[in-house]
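Please open the model in a viewer and keep the selection tool at hand.

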Amino acid sequence: MKIRVAHLYPDYLNIYADRGNIAVFDRRASWRGHELDVDAIGMGDAIVPGAHDLYYVGGGQDREQLLVAPDLAAKAGPLREALDGGAALLAVCGGYQLLGRGYRGFHGEDMPGVGLFPLETVAGDTRMIGDVLLETELGPVAGFENHAGRTKLDPGATPLGRVVAGFGNDGESGFEGCRLERAIGTYLHGPLLPRNPHLADWLLAQALAHRTCGEPPELAPLSDELEAEARRVSAERAHARGGRR
Ligand code: GLN
């Protein structure tokens, strides 16, 4: 089966090798006999609801976010429609922030958001940097965070997980990321998926469900020994160092 992926602003939002997440989707899909078809969606390109099964937005610095924010906000209608239609989405850090209602950057720049995730972000005057370990409904998730933004979830919003070590959304709520149906937003880079393959598989299964208009399939298990080792090392670092401002 062809899994159709829309990679939003690959030229602007690709900090800490976030593009590596696409490589993980591609390999894990092909190991199960599926093919990944990736379209780059840039400035001025239209989002056509139904045309893609999985949307991906990486992270970036305030400067890049400022450049893409108005264009992304203008795509809010079709993006919402695509997700209401059952498409899956992964957004990392800068992309995650811009899928909320808005982001006020470090120098006070107000950037419009898509308003998909029920949250808002304002940059603080210190950065939250370090290895992170989360406990989520999909299993433990490990990664690396580096952000000035403090993200506040609306009451009742569902986080991706609880912070075991590190800062998370705002360094105080104990929450990290946001989940909304088949969409996941998170601060975790590293990139996120090479050491958290269960998350990649969950998203691929949701994308396949969209593709087939059916239930998310059970994907054939892979050995994932290296991936588990990578997560173990990352989790240990998070425990040992936590996050530092
Ligand atoms: N510029 C944003 C912040 O500092 C996002 C950074 C990122 O994507 N790592 O909060």
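Predicted model: local features only at pLDDT ≥ 70, side-chain atom pairs only at ≥ 80, totals over all residues.

How much space lies in the largest pocket? About 260 Å³ of space lies there.

**Stop 1: the largest pocket**

Select G60, Q61, D62, Q65 and R127, which are the closest to the centre of the largest pocket among the 18 residues that line it. Next, colour helix 2, helix 4 and strand 8, the elements that each give two or more residues to this lining. Strand 8 gives the most, with 4 residues. By class, the lining of the largest pocket divides into 6 nonpolar, 10 polar and 2 charged residues.

**Stop 2: the ligand**

Now display the ligand; the space it takes is the largest pocket. The elements that give two or more residues to the shell around the ligand are helix 2 (residues 62-74), helix 4 (94-98) and strand 8 (139-153). Strand 8 supplies the largest share of this shell, 4 residues.

Which residues come nearest to the ligand? Select D62, Q65, C93, R127 and G149, which come nearest of the 16 residues around the ligand. By class, the shell around the ligand has 4 nonpolar, 10 polar and 2 charged residues.

**Stop 3**

- Q65: a polar side-chain atom lies 2.7 Å from a nitrogen atom of the ligand.
- R127: a polar side-chain atom lies 2.9 Å from an oxygen atom of the ligand.
- H189: an N or O atom in the side chain is 2.9 Å from a nitrogen atom of the ligand.

How much of the ligand's accessible area does the protein cover? On its own the ligand has 300 Å² of accessible area, and the protein covers 98% of it.

**Stop 4: the second largest pocket**

Move to the second largest pocket, whose volume is about 160 Å³. Select R32, L138, H198, D201, W202, A205, P217, E218, L219, A220, P221 and L222, the residues that line the second largest pocket. By class, this lining has 8 nonpolar residues, 1 polar residue and 3 charged residues.

**Stop 5: two backbone details**

Most residues other than glycine have a negative phi, and most peptide bonds are trans. The last two selections may be viewed with this in mind.

Select G190 and P191 first. Is the peptide bond between G190 and P191 cis or trans? The bond from G190 to P191 is cis, with omega near -10°. P191 is found in the loop between strand 12 (183-186) and helix 5 (197-212).

Finally, select Y16. Where is Y16 placed? Y16 is in the loop between strand 1 (2-8) and helix 1 (20-30). The phi of Y16 is near 50°, a positive value in a residue other than glycine.

Notes. Residues numbered from 1 in each chain as written. Heavy atoms only, no water. Near = heavy atom within 4 Å. Polar contact = N/O pair within 3.5 Å; in protein donor to acceptor, adjacent residues only side chain to side chain. Areas by Shrake-Rupley, 256 points an atom, 1.4 Å probe, with all protein chains shown as cover. 1 Å grid on protein atoms, 1.4 Å probe; cavity = no way out; pocket = protein on both sides within 12 Å on 5 of 7 lines; lining within 4 Å. Sits in = over half its atoms within 2 Å of the grid points. Nonpolar A, V, L, I, M, F, W, Y, C, P; charged D, E, K, R; others polar. Points joined across faces, edges and corners; volume = space filled by probe spheres on them.
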